[in-house]
Each structure stands twice: as structure tokens, then as C-alpha cells.
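The following note sets out points for a colleague reviewing this structure. Please read them alongside the sequence and the coordinates.

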Amino acid sequence: MIFKFLNEKDFYNTFFDEICHVQCGNHYDPNNLQHVEWLKNFIKLLYLRGGEALCLYSDDEAPLGFIYLLYDKGLENVACFGAKATIAMFEVKEEYRSRGYGKLLCQEAEKHLRECGAECLYTDTPDDPDERGALSFYIRNGFTPVGFHPCENGKDDMAQIYLFKYL
């Protein structure tokens, strides 16, 4: 397995379908220019915030998945800010799921974040009763549910469950 940090353009081009799935689900319309621009700007803003796309490839260079990390270094000599990281997006390509690649990505991300000085990691996942795989995955990998936001994506969309893990 090969891990790579990708720049904005390569990340967008390599994992476009997966980014659409994570951010928009079935709401994304590639024929709607506002949707296309929103997604491009969303990725641009993640990179401007200092985010990193840690991507997993097979030994023959096939892209398998990614975990997009935001790390807040905080303010020097101020204990109440920083040292926290967030998983902004996390996806394994559908054809490669249930093979341990998500766990590998998570472990490599946690190792990288600890080396950077992060002390804790946050993430969220939709509260979708038909698809509890992500929630189960996070709990199996040491995350604890800590919150619930019923209208995160609007009153007509599903709620988000927030999770936390000490690094």
C-alpha cells in the first residue's frame, strides 16, 4: 500500500466522484453549474485552511480512498486552543470497501496527526438508519459519539452524529 498527500488539483481530479458522494450524496447535479462551482470552492477552502488529503493507493498505483484532515495547531503557549484535528472527509472507493483500507487510512492519519502534535480527533457522520456502516466503523476504531445535530444540513436532510477520539 502507498500513502500520498495530494495537492488540491490532483485530489479533486483523482477522487471527484468520492468527494461528490461524501459532500452531496445524491443531491449533486453535475449539470448545475452552481453545484459544480460550490464543490470546487469547498475543496479550495479546505486547502486554504491548511487541510491535507491523505490518499491510499494500491501497489500498482490504483487510488483506493482518502481521508481529508484539518489540523489546528492553535496558539503558542495557550493551552485552550489547538492541538485538535478533524476528519473533514473520509471515503474508500465503493469497490474496495470491507477490505481493511478504511482502517489503514485511519491509522496512518492518526499517526501523522500525533507526529504533528494533535491530541484529539473529531469527525461526524450522517444519522442514516439505512446506512450505519460509517458510525459502526468509527466506534470500532475507538471513536466515541459526543453529539447530535438535527438540522446540520437543513430541516429536510438527515442529522449528523459527532464523534471524538483521544490520540
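1. In this predicted model, Pro145 stands opposite Leu163 in strand 7. The pairing belongs to an antiparallel arrangement in which strand 6 (residues 144-149) is joined to strand 7 by five bridges.

2. Strand 7 also pairs with strand 5; these two run antiparallel and are connected through seven bridges. Within that pairing, Thr125 faces Ile161 of strand 7.

3. How enclosed is strand 7? Five of its seven residues are buried, so strand 7 is largely enclosed by the rest of the structure.

4. The largest nonpolar core comprises 23 residues, and those with the most contacts inside it are Ile67, Ile87, Phe90, Leu105, Leu113, Tyr138 and Phe143. Two or more residues each come from strand 2 (52-57), strand 3 (63-72), strand 4 (84-92), helix 4 (101-116), helix 5 (133-140) and strand 7 (160-166). Helix 4 is the leading contributor, with five residues. As general background, nonpolar side chains in soluble globular proteins tend to be buried together.

5. Leaving aside residues up to four places away in sequence, Ile67 touches Glu52, Ala53, Leu54, Ile87, Met89, Phe90, Leu105, Cys106 and Ala109. A second, separate core contains 20 residues, among them Val36, Tyr57, Tyr68 and Leu70.

6. The largest pocket holds about 1700 Å³ of space. Its lining consists of 49 residues, and Phe90, Glu91, Thr125, Pro126 and Ala134 lie nearest the centre.

7. Which elements supply at least two residues of the lining of the largest pocket? They are helix 2 (16-24), helix 3 (33-48), strand 4, helix 4, strand 5 (120-126), helix 5 and strand 7. Strand 4 gives the most, with seven residues. Divided by class, the lining of the largest pocket has 22 nonpolar, 15 polar and 12 charged residues.

8. The second largest pocket contains about 180 Å³ of space. Arg49, Leu70, Tyr71, Asp72, Lys84, Ala85, Thr86 and Tyr122 form its lining, to which strand 3 and strand 4 are the elements giving two or more residues. By class, four of the residues lining the second largest pocket are nonpolar, one is polar and three are charged. Leu70 also belongs to the second core.

Terms used:
Residues are numbered from 1 along each chain as its sequence is written. This is a predicted model: local features need pLDDT of at least 70, side-chain atom pairs count only at pLDDT 80 or more; totals for chains, interfaces and linings use all residues. Side-chain values use heavy atoms; hydrogens and water are left out. A nonpolar core is a set of buried Ala, Val, Leu, Ile, Met, Phe, Trp, Tyr and Cys residues joined through side-chain atoms within 4.5 Å. Buried means under 20% relative accessible area, exposed over 50%, partly exposed in between (1.4 Å probe, protein chains only). Helices (H or I, at least four residues) and strands (E, at least two) are DSSP runs, numbered from the N terminus. Contact means heavy atoms within 4.5 Å. On a 1 Å grid over the protein atoms alone, a cavity is a set of points where a 1.4 Å probe fits but cannot get out, and a pocket is an open set with protein on both sides within 12 Å along at least five of seven lines; lining residues have an atom within 4 Å of a point. Grid points are joined across faces, edges and corners, and a volume is the space filled by probe spheres set on the points. Ala, Val, Leu, Ile, Met, Phe, Trp, Tyr, Cys and Pro count as nonpolar, Asp, Glu, Lys and Arg as charged, and the others, Gly among them, as polar. Two strands pair if DSSP finds at least two bridges between them.
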